[in-house]
Amino acid sequence: MSAPQRVEDTATPHRVVILGAGYAGMSAAIQLAARVRGQKDVQVTVVNAQERFTERLRLHMTASGQQPAELSIPQLLAGTGARFVRGWVTAVDAEARTVRIDDDRVLHYDTLVYGLGGVADTPAVPGAEEHAYTLNSVQDAQLLADRLARLGSGTVAVVGSGLTGVETAAEIAERHPELHVVLLGRHEPGTDMHPKVRAHLHSGLRRLGVEVRSGVEVAKVLPDAVRPASGESVAAEVVVWTSGTRVSPLAAAAGLTVDERGRIVTDQVLRSVSHPQVYAVGDAAAVRQGYGVMHGTCQGGMPTGVHAAVSIVRTLEGKQPKPFRFGFYHTPVSLGRRDAVVQFTRPDNSPRRVYMTGRPAAWYKETVTASPWPTWGRMKKMPASGAIWPRGGRFTRKVQAR
Ligand SMILES: Cc1cc2nc3c(=O)[nH]c(=O)nc-3n(C[C@H](O)[C@H](O)[C@H](O)COP(=O)(O)OP(=O)(O)OC[C@H]3O[C@@H](n4cnc5c(N)ncnc54)[C@H](O)[C@@H]3O)c2cc1C
């Protein structure tokens, strides 16, 4: 690990620009602003496409016609000292240390926190980009909700048997009993879960009338069907694509070292391995732990944001940042509004024998989903309250130094 650079007192503040105000970016922004407020000559700027916070964890609810709360990012940042810039980031110049916004504004940074998240991988299969609906944004989810509301009858094919696909299929089936919902994917849903949890997940999907087709490799999406690599096409009035994760090409275009999926490869303290002035957080980062590279979740994304903020503060104070350590602890999956499963996990995300199902699990899932906003509210006053998460014990103790 290279020695931290102390920032000497100068007339110009140290400019930290945070790209993306999702779960990870917001955690970084609030944590950093709370820690430097009134103490340091640091200017924190948050850039995001919209003023409204995107509750990605609820986008399947939005897609089925439910109205999520309007959560305002500038309102949450009020009083923290952080500045909000609404805009679409179009380029990062990692050498000049600038960020370009779509209205041609240019922001200069000394430290960048890159948290632009990820979206479903529609380019992976021909036709998905043109014909499939996604849950990539509130607008996309609302487009799908409008289409479903007008449909009246027919088939909705949800592609992707991961947890987003399961939640989406269940939610649509519960809100639209008049529609036939088919969940298609390579793997059996809940394949990594304890057999009893998997059994409950399948009985929940059956109860809602969701038809599950596993072992399907989708080769093409047509305007009115999904064509598998082998076997018959599945006719569908609506196709929803939830499979895979694609990240913004901006990091790779800026010359930052990225992995095969375009995520920024980080060192132990969450800095880019090629550009140490850049921290990467959330779904846009490839963060290696003792058990492997973390998969993208809100559960792990929020701690990356907090840790990046703490590392920046330590560096500004001339201290060495600490290695990031995180262990997964649960996988909550909703099955409509009244049912769910919660698989408690080991730090490496493998299932434990402990789980919840049914209404208590639905309550647990809702509590988790609603928790980020109050967490940030508390963090504004007590930054340390946001710095508590499982460090993963022996699973993460021996992270290899890069
Ligand atoms: C339906 C659904 C359910 C999910 N359920 C769970 C769950 O139960 N538990 C869990 O842990 N995870 C869940 N996830 C995954 C979770 O939502 C993501 O892992 C999490 O949102 C990642 O946080 P992030 O901050 O990295 O990115 P995001 O939350 O996606 O935030 C990225 C932000 O950057 C903005 N942005 C992107 N590009 C630009 C640009 N060029 N210019 C300006 N702004 C930009 C976006 O608008 C957004 O505000 C779910 C995802 C979905 C879709």
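In this predicted model, the protein chain has a mean pLDDT of 94, and 96% of its residues reach 70 or more. Where pLDDT is low, the predicted coordinates should not be read in detail.

The largest nonpolar core comprises 65 residues, and those with the most contacts inside it are Ile-18, Leu-19, Ala-29, Leu-32, Val-113 and Tyr-114. Helix α1, which spans residues 23-36, gives the most to this core, contributing ten residues. When neighbours within four places in sequence are left aside, Leu-32 is in contact with Val-16, Val-44, Ala-309, Ile-312 and Val-313.

Helix α11, formed by residues 372-381, has both buried and exposed positions. Pro-372, Trp-376 and Met-379 are buried in α11, and because these residues cover an arc of only 60° around the axis, they lie on the same side of the helix. Pro-374, Gly-377 and Lys-381, by contrast, are exposed on the other side of α11. The cover over the buried residues of α11 includes α1, α3 (73-77) and α9 (298-316).

Strands β4, β5 and β6 are linked through two antiparallel pairings. Strand β4 (residues 89-93) pairs with strand β5 (residues 98-101) over four bridges in the antiparallel sense, and Thr-98 in β5 is the bridge partner of Asp-93. The hairpin of β4 and β5 has four residues between the strands, and within this hairpin Arg-97 takes a positive phi near 60°. Strand β5 is in turn joined by three bridges to strand β6 (residues 106-108), again in an antiparallel arrangement, with Arg-100 standing opposite Val-106 in β6. The hairpin formed by β5 and β6 also has four residues between its strands, and Asp-104 in the turn has a positive phi of about 75°.

Asp-104, found in the loop between β5 and β6, is a residue other than glycine with a positive phi near 75°. Asp-104 is classed as exposed because 8 other C-beta atoms lie within 10 Å, the limit for exposure being 12 or fewer. Asn-349, which lies in the loop between β23 (340-345) and β24 (351-357), likewise is not a glycine and has a positive phi of about 80°. Asn-349, however, is buried, because 21 other C-beta atoms lie within 10 Å and a count of 20 or more defines a buried residue.

A further position concerns helix α7 (residues 195-207), in which Arg-207 has its place. Arg-207 is partly exposed, with 14 other C-beta atoms within 10 Å, a count that falls between the limits for exposed and buried residues. In sequence Arg-207 and Glu-174 are 33 residues apart, whereas in space the C-alpha to C-alpha distance between Arg-207 and Glu-174 is 9.5 Å.

How values were computed: Residues numbered from 1 in each chain as written. Predicted model: local features only at pLDDT ≥ 70, side-chain atom pairs only at ≥ 80, totals over all residues. Pairing = 2+ DSSP bridges. Core = buried A, V, L, I, M, F, W, Y, C linked by C-beta atoms within 7 Å. Contact = placed C-beta atoms within 7 Å. Arc of directions from axis to C-beta. pLDDT = per-residue confidence, 0-100.
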